[in-house]
Amino acid sequence: MKLASLKGGRDGRLVVVSNDVAWFTDAGHIAPTLQYALDHWWRIEPELRGLAEGLEHGAMPKDRFHEHSAASPLPRAYQWIDGSAYLNHVELVRRARGAEMPESFRTDPLLYQGGSDGFLGPRDPIPLGDEAWGLDLEAEVAVITGDVPMGASREQALAAIRLVLLCNDVSLRNLIPNELAKGFGFYQSKPASAFSPVAVTPDALPGWKDGKLSGALDVELNGKPLGAADAGADMAFDFGTLIAHAAKTRSLSAGTIVGSGTVSNRGPDGGPGKPVGEGGVGYSCLAEVRTVETLAGGEARTPFLTAGDVVRIEMRDARRHTIFGAIEQEVRPLAP
């Protein structure tokens with residue numbers, strides 16, 4: 001089952017989307033918003049699935065699904081927790097700022113709590129206040145949970161996953177070092193993120209297994225391939241582990257979003273991997289590109305995002321059909 005929120009009001013309007021992401025039918029008579037559906041999931045999910053089945057069989061009124069009309073599936077959420085489950089990414093970005101990766105990072109998941117009071121839509125522009133801040137994309141997989149009790153096991157956490165989606169976790173790289181040096185974590189360096197037009201139930205994802213989603217996460221910058229890393233490979237902590245870690249000392253409310261962190265694959269030799277143009281799977285953020293360039297040639301050549309740049313993030317199935325729709329965003333200067 002695929003769900004989306006069309007723009008309108010702060011929380012959007014819930015619709016059920018066809019498997020080919022081409023059509024939708026309104027779900028307002030069942031649940032006005034996705035958050036309402038998550039709050040009453042056990043009662044509402046069967047009704048939404050009935051709507052989805054009717055849509056596939058032509059038994060429901062339908063309209064064309066336009067991704068530009070979609071907000072992020074949850075336009076705002078009670079909680080946005082982002083992990084860093086790909087250790088290749090952790091090693092590279094820490095190396096870029098002259099920091100070694102502690103050995104404990106291999107066994108103890110990294111999480112931070114980001115801003116969740118408003119997300120960008122999947123086709124909304126990325127506002128940029130100052131190019132000196134070092135604007136970067138981060139292509140990720142994320143999940144939306146139901147209620148998770150404090151102290152939940154990994155198995156309980158996995159059972160609480162309601163939906164899977166993609167994310168562009170926007171980062172301001174040049175603001176990160178000073179913020180982390182204060183010892184109090186990210187804030188200004190993590191502006192609003194964006195999510196894919198469609199969120200999908202795990203049972204509808206052939207690549208979903210044991211809390212991981214396998215498949216190439218295609219990332220383009222200005223129409224050129226930047227990365228196609230496999231989201232299921234090199235993920236040190238699956239979503240069940242991440243969610244259970246987050247719930248160790250607190251319960252999580254329905255509608256909590258948990259991110260994987262930047263999808264990142266090692267090269268066949270165990271190194272940081274190669275660009276797409278050199279036969280590798282490339283990268284899901286510019287910070288990794290710049291670090292690899294520095295290691296190879298002594299300096300970074302690729303700039304961070306500037307006004308007019310266009311980022312596209314998408315995952316396709318075996319027949320090259322889109323699964324979640326595409327995040328496609330242009331960088332625009334912040335209006336005065």
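Residues are numbered from 1 along each chain as its sequence is written, and side-chain values use heavy atoms, with hydrogens and water left out. Because the model is predicted, local features need pLDDT of at least 70 and side-chain atom pairs count only at pLDDT 80 or more, while totals for chains, interfaces and linings use all residues.

Strands come first. Strands of a sheet pair through backbone hydrogen bonds, either parallel or antiparallel. Here, strands are DSSP runs of E with at least two residues, numbered from the N terminus, and two strands pair if DSSP finds at least two bridges between them. An open sheet with mixed pairing is built from five strands, in the order β8-β21-β20-β17-β18. Its edges are β8 (126–128) and β18 (224–230), each of which pairs on one side only. From one strand to the next, the twist averages 20°, where axes are lines fitted to C-alpha atoms and angles run from 0 to 180 degrees between N-to-C directions.

Ile81 takes part in both pairings: Val258 stands opposite in β19, and Gln113 is the bridge partner in β7.

Thr145 lies in strand β10 (residues 139–145) and is buried, with a relative accessible area of 0%. Beyond the neighbours within four places in sequence, the contacts of Thr145 (heavy atoms within 4.5 Å) include Leu38, Ile243 and Val258. The C-alpha atoms of Thr145 and Ala157 are 8.3 Å apart, although 12 residues separate the two along the chain.

Finally, the cysteines. A disulfide is a covalent bond between the sulfur atoms of two cysteines, counted here when the two sulfur atoms are within 2.5 Å. Zero disulfides turn up in a search of the whole structure. Cys167 is in no disulfide, and the nearest cysteine sulfur, in Cys285, is 13 Å away. That distance is too far for a bond. Both cysteines are buried, Cys167 at 0% relative accessible area and Cys285 at 0% relative accessibility.

Technical notes
Helix = DSSP H or I, 4+ residues; strand = E, 2+ residues; numbered from the N terminus. Buried < 20%, exposed > 50% of the residue type's maximum accessible area, 1.4 Å probe, protein only.
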